[in-house]
Amino acid sequence: TDRAGPVVKVGMRGVQMIGVPARNAPVDAEAIVVALKSRTIPAEDAVAQSLDALDWLKGAGCRQFFFKYCSTFDSTEEGNIGPVAEALLDALGADFTIACPAFPANQRTVFKGHLFVGDVLLNESGMQDHPLTPMTDANLVRVLQRQCGSKVGLLPAEVVAEGADAVGEHYNELHGDGVRMAIADAVDEDDLRALGAACARLELVTGGSGVAIGLPANFRADGLLGPPEEAAALPRVEGFAAVVSGSCSRATREQVQRMGAKHPAFKIDPLRLAEGEDLVAEALAWAEPKLGRGPVLVYTTADPDAVAAAQAELGRDEAGAMLEDALAGVAEGLVAAGVRRLIVAGGETSGAVVGRLGVTGLRIGPEIDPGVPWTVGLGDPPLALALKSGNFGGPDFFTEAFERLP
Ligand code: ADP
């Protein structure tokens, strides 16, 4: 949704598929996102999944493809950015693309091929200590070259600043020099728009979500898009409202507290759950009679001391998996009881809930807060879902979000 939200915001009707769909079926959208979990899996698996996604998207009628990765270029010496980008170029018979993780609105800029996070280089930003993908080199030409068989070059800031025509000419120069992928400098949104305009003729574009903001204008200029004001339109979904929260992030803890002050709230205690008490059934029996009177909240959210205590007793991963499973069960029961407007707080928790509900795709609607759109599941019955990862959203996110639904 990080990648889909901004595209919808600038006027393309968007749908997100959770993983590569099993079958080809028509999708009513102008932009389709296939969400993979391929950042840190072995490179050959990431390549295979990405090629599957490409095939499926081609089958769905897509004409340009975007490989999205983190704006901090999260990857290892082996990949997966380089290998996936090269495999996609091969599969498309394409000979050139750019790589641009810049996202100035989120303080990620690229200058002379070096990635900055705020005022510091990537390798001083904390990302050097990342548990899975430590980033110890801010020179992205070098980083990407280590992952690639073909030549990596640089599209420098002074060319980008001149605008789309200059960028387009420079593509030809780079290609003439044997460069197959160029790290593109970009320090502000004008740069992203210039890059986007110059990308109109590329089969494949790669980058963070920032560089995507320049692409819809190309399709609009070709008369391929409907009215921009309708891009985020969602069908109206009638039914009860609920919040399920498994995030323990600071922002969520405050949101849970604020919601609990105004609406009924049920806390699931990990230690009681681990003793075999059926707290899912208890939560559902508690919630059902209240649903007609307004949103309810069921949560495992706890402060760091309580989380540490549960983890010490149960193990970190075991506690996490058990609570995700419990909240997925609660979500399933709530939907069975008529909930059709559901907010899920927590990235992993959202994955568990969406999996349990059998949601395979989402229509992307209006942004509630930066990075969190309302969506409607493509299945039946229609279900409005807001999937909020940990630190997103203002303090009254839970209550305000329902007011933003059509
Ligand atoms: P976020 O987006 O804030 O990182 P996630 O859902 O991705 O939230 O991750 C939170 C993890 O913490 C989940 O695995 C969840 O099951 C686990 N968790 C939630 N509540 C507790 C708790 N009270 N004690 C221990 N772990 C918890």
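Predicted model: local features only at pLDDT ≥ 70, side-chain atom pairs only at ≥ 80, totals over all residues.
The chain contains 15 helices and 17 strands. Its C-alpha trace extends over about 70 × 45 × 35 Å along the principal axes.

Two packed helices are described by the angle between their axes and the distance between the axes. Helix H12 covers residues 304-314 and helix H13 covers residues 316-336; the two pack at an angle of about 105°, and their axes lie 7 Å apart. Because angles of 65 to 115 degrees count as roughly perpendicular, H12 is described as roughly perpendicular to H13. On the side of H12, the contact is formed by Ala310, Gln311 and Leu314, and H13 contributes Arg316, Glu318, Ala319 and Met322. By class, the residues of this contact comprise 4 nonpolar, 1 polar and 2 charged.

Attention now turns to the empty space in the model. Rolling a probe the size of a water molecule over the atoms shows where empty space is left. The second largest pocket holds about 300 Å³ of space. Its lining consists of 17 residues, and those nearest the centre of the pocket are Met17, Pro21, Ala25, Thr360 and Leu378. Among the contributors to this lining, strand S1, which spans residues 14-18, gives the most, with 3 residues. The lining of the second largest pocket divides into 12 nonpolar, 2 polar and 3 charged residues.

The peptide bond that runs from Gly79 to Asn80 is cis, with omega near 10°. Asn80 belongs to the loop between strand S3 (65-68) and helix H3 (81-92). Another cis peptide bond links Asp380 to Pro381, with omega about 0°. Pro381 is placed in the loop that lies between strand S16 (372-377) and strand S17 (384-388). A further feature concerns phi: Gln107 is not a glycine, yet has a positive phi of about 70°. This residue, Gln107, occupies the loop between strand S4 (97-100) and strand S5 (108-111).

Note on methods: Residues numbered from 1 in each chain as written. Heavy atoms only, no water. 1 Å grid on protein atoms, 1.4 Å probe; cavity = no way out; pocket = protein on both sides within 12 Å on 5 of 7 lines; lining within 4 Å. Points joined across faces, edges and corners; volume = space filled by probe spheres on them. Helix = DSSP H or I, 4+ residues; strand = E, 2+ residues; numbered from the N terminus. Nonpolar A, V, L, I, M, F, W, Y, C, P; charged D, E, K, R; others polar. Axes fitted to C-alpha atoms, helices over the stretch in contact; angles between N-to-C directions. Parallel < 35°, antiparallel > 145°, perpendicular 65-115°, else oblique. Contact = heavy atoms within 4.5 Å.
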